[in-house]
Amino acid sequence: MGALLLAVLALADLATALTGFVASVAASVCAIALRLAPTQRRSGLLGYNAALTGVAFAALWQPNETFATWLAICVGMNVILTAALARYRVPALTGPFVAVMTLSWAMQYWLPLTPRPGTPGCDAGAPGFVFCSVGQVIFMAPLVLGLLTWYLLALWNARATLWALASGAAIWAMLSVLTTVWPALATQAGGIGVNAFLAALGLGVFGRHPNVRLVGAALAAVICIALGHWLAPSAWPYFTLPFNLAVWTVLALTKRPGQTVRT
């Protein structure tokens, strides 16, 4: 699945896809060097956050020596953080990715990273926003590539993806209504779409009821709005932090006594 998602990303930006692939390979090498469990490496648990970090780096900054060095350090931190969360049976989700990207953003003053020109976002006023936001999960804005990403996710887990799409459509409908009375909310449409979809998808993978998935998507949207309002003056991105906070919260509240959440 990861290889297919990178292939779709390559249609939009080959360099970004290659950076994600190299980061994933580097994570595997790091995991071998640290003698981590081979089962975690083969399952992709230790590589997907590193791959996402590589994709984000290529989407946000132009490559140079600092870029390569800091990305290598971030890949190592991703592997260590993911292994630590797995040890305590906490679902990693994209938590390690959020941690290293937040640190990278904070370090920009000391790291000579050159920003890359921005890419177009998704139009919250169109129904296609639901599919477009799926593509933004891997930093792709074009609607067609968002549809391809959604299709691949459906092949992987059709029920969870369809319910996530339904939850995303519900959040889009509520967002469309809210933006008529709160126009400034439209600037957060991309973040809300990505995090709401991921929350519903993640809760589906963990077997939660569709109603719970919708609640998780709504919670992620609320967290996006709160963080966006708080971080707006400093233009600080929250990446997929709302998705992680929403899923961790819902999993904790819906866990049966004695149940262990699989990682």
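Tutor: Let us go from the whole chain to single residues. This is a predicted model, in which local features need pLDDT of at least 70 and side-chain atom pairs count only at pLDDT 80 or more, while totals for chains, interfaces and linings use all residues. Residues are numbered from 1 along each chain as its sequence is written, and side-chain values use heavy atoms, with hydrogens and water left out.

Student: How many helices and strands are there in the protein chain?

Tutor: Helices (H or I, at least four residues) and strands (E, at least two) are DSSP runs, numbered from the N terminus. Here the protein chain has 12 helices and two strands. In sequence order the pattern reads α-α-α-α-β-α-α-β-α-α-α-α-α-α.

Student: What share of the 263 residues is buried?

Tutor: Buried means under 20% relative accessible area, exposed over 50%, and partly exposed in between (1.4 Å probe, protein chains only). In this protein chain, 46% of the 263 residues are buried.

Student: Which residues of H12 are buried, and what do they pack against?

Tutor: As a general idea, an α-helix has 3.6 residues a turn, so residues three or four places apart point the same way. In H12, the buried residues are Pro242, Phe243, Asn244, Ala246, Val247, Val250 and Leu251. Contact means heavy atoms within 4.5 Å. The buried residues of H12 pack against helix H6 (95-106), helix H10 (189-205) and helix H11 (210-231).

Student: Is Thr53 buried or exposed, and which residues does Thr53 touch?

Tutor: Thr53 lies in helix H4 (residues 48-60), and counts as buried because its relative accessibility is 0%. Leaving aside residues up to four places away in sequence, Thr53 touches Leu71, Cys74, Asn78, Phe97, Val100 and Met101. Cys74 is also buried, at 0% relative accessibility.

Student: How many disulfides are there?

Tutor: A disulfide is a pair of cysteine sulfur atoms within 2.5 Å. By this rule the count is zero.

Student: And where does Pro117 sit? Is Pro117 buried or exposed?

Tutor: Pro117 is in the loop between strand E2 (114-115) and helix H7 (129-135). With 59% relative accessibility, Pro117 counts as exposed. Pro117 and Trp61 are 56 residues apart in sequence, and their C-alpha atoms are 8.4 Å apart in space.

Student: Is Val22 buried or exposed?

Tutor: Val22, in helix H2 (residues 14-33), is exposed because its relative accessible area is 52%.
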